[in-house]
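User: Hello! I am new to this structure and would like to learn how to read its features. Could you walk me through them?

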Amino acid sequence: MADMVPGGSRRMWCSVPERLQLHLAMLALQFGYAGFHVVSRAALNMGISKIVFIVYRNIIALLLLLPFAYFLEKKERPGITLKFLVQFFLLALVGITANQGFYFLGLDNTSPTFASAIQNSVPAITFLMAALLRIEQVRLDRKDGIAKVVGTIFCVAGASVITLYKGPAIFTPAPPLHEPTKYASMFLSLGNAEGKNWTLGCIFLIGHCLSWSGWLVLQAPVLKKYPARLSVTSYTCFFGLLQFLIIAAFTERDPHAWLIHSGGELFSVFYAGVVASGIAFAVQIWCIDKGGPVFVAVYQPVQTLVVAIMASVALGEEFYLGGIIGAVLIIAGLYLVLWGKSAESKFAKQKVAIQSTQDHGNNRTACHITPSLAQPLLAPTSDDV
């Protein structure tokens, strides 16, 4: 990532300790994703078509990813086959079409804060899917296995509370003293729950999380056979774009819907494509490479906190008791699952280290024993050393 920073800024960035670079990058990443939730909802409030927004976002993301995938993975990219193309198509169906489609349908009926909060359940849902498909083992005889199971239960309980129990509004921003402008009214209406089907929106968001988790699980075996992550993502984005264009041919036939009518709509589309899909993806890959997937996942609740602050201070979003209880359960479940994964990884490393030490000791003993036909079981003496 330091290569992308120009001149003197690069020298300043390189002088910062790598651990601090990771934390700063992850904070910037969460602010970028938090802005995406708010900007996407603002775009919907401006009247932009959901399908048009998604198509334009994926076109920008694909144009950003293609050159990097082509040049950076030129040597390590395997040859393309029909089997790989089918797998990329299915990955796009789950990870792009279903994932983004459910997200925008859910966001349209809820709020940016709860859309971000329910995304914290993705690691637990991913673990549950991997366990059901026998990709990951569940060890209930160890603390890490119990933590992952309990964390998954917490996340499911939290998502259920958010969906089934809205509860009373426990925080309502004070109305402005002066008459708001047109754009201020649009932003202040982001947190307005009137006229929305909250339960249906939460169900859509759960579908979004299931699709996201399914994409993560299905992606793992594909990357083992096709170890070029940027290329896989580019192919997935390409097929996802094709699928959305086919859907748009049936659902969005009004040519005026494809026109950008304001600077706000243009900004929201470019933000979604450049920041949320392009820059954020590059930063996330760098952070996973340097800090590991658990380190990256631990920062996910920061995004929810940032969205909540932005939505309440700037957008006038109301907070409901059910949503807050559900968010707390989901975040607690997330950290239990992450702790379980971290403990499992440490246990596996200790086991490998012990096995390696034992093997080394056995090899050393075998080398020091002098074979004897007369006394083959004779222990080695100090003279043999």
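User: How many residues does helix H9 have, and how far does helix H9 reach from its first C-alpha to its last?

Analyst: Some background comes before that: this is a predicted model, in which local features need pLDDT of at least 70 and side-chain atom pairs count only at pLDDT 80 or more, while totals for chains, interfaces and linings use all residues. Residues are numbered from 1 along each chain as its sequence is written, and side-chain values use heavy atoms, with hydrogens and water left out. Helices (H or I, at least four residues) and strands (E, at least two) are DSSP runs numbered from the N terminus. The expected span of a helix is 1.5 Å times one less than its number of residues. Helix H9 covers residues 198-225, which is 28 residues, and it reaches 42 Å, close to the 40 Å expected at 1.5 Å a residue.

User: Where in H9 does a kink lie?

Analyst: A bend at a residue is the angle between two fitted axes, one for the seven residues ending there and one for the seven starting there. In H9 the kink is at Gln219, with an angle of about 30 degrees, shortly before the proline Pro221.

User: Where does helix H11 bend?

Analyst: Helix H11, residues 263-291, bends by about 35 degrees at Ala280. After H11 comes Gly292, which has a positive phi near 95 degrees.

User: Back to H9, please. Is Ser213 buried or exposed?

Analyst: The reading rests on relative accessible area: buried means under 20%, exposed over 50%, and partly exposed in between (1.4 Å probe, protein chains only). Ser213, found in helix H9, is buried because its relative accessible area is 0%.

User: Which residues does Ser213 touch?

Analyst: A contact means heavy atoms within 4.5 Å. Not counting residues up to four places away in sequence, Ser213 touches Val122, Ile125, Thr126 and Met129.

User: What are the contacts of Cys287?

Analyst: Cys287 lies in helix H11, and it counts as buried because its relative accessibility is 0%. Leaving out residues up to four places away in sequence, Cys287 touches Leu22, Ala25, Met26, Gly292 and Val296. Its C-alpha is separated by 9.3 Å from that of Gln21, 266 residues apart along the chain.

User: And which residues is Val52 in contact with?

Analyst: Val52 sits in helix H3 and counts as buried because its relative accessibility is 1%. Aside from its neighbours within four places in sequence, Val52 is in contact with Glu252, Ala257 and Trp258.

User: How many salt bridges does a search of the whole structure find?

Analyst: Here is the general idea: side chains of opposite charge can pair when their charged atoms come close. The criterion for a salt bridge is a side-chain nitrogen of Lys or Arg within 4 Å of a carboxyl oxygen of Asp or Glu. The search finds 2 salt bridges. One joins the side chains of Lys50 and Asp108 at 3.3 Å, N to O. This pair links distant parts of the chain, 58 residues apart: Lys50 is in helix H3 (residues 50-72) and Asp108 in helix H4 (residues 82-109). Lys50 counts as partly exposed because its relative accessibility is 29%, and Asp108 is partly exposed too, at 28%. Arg142 forms a salt bridge with Asp144, with the closest N and O atoms 3.0 Å apart. Both Arg142 and Asp144 are buried.

User: Which residues form a nonpolar patch on the surface?

Analyst: Patches are made of residues with over 30% relative accessible area and no salt bridge, where like charges are joined within 9 Å and nonpolar side chains (Val, Leu, Ile, Met, Phe, Trp, Tyr) within 5 Å. Accessible areas come from the Shrake-Rupley method with a 1.4 Å probe, and for residues only the protein chains shown count as cover. Here, Val138, Leu140, Ile146, Val150, Ile153 and Phe154 form the patch, with about 490 Å² of accessible area together. Val150, in helix H7 (residues 143-164), is partly exposed because its relative accessible area is 31%.

User: How many helices and strands does the chain have?

Analyst: The chain has 14 helices and 2 strands. Of its 385 residues, 42% count as buried.
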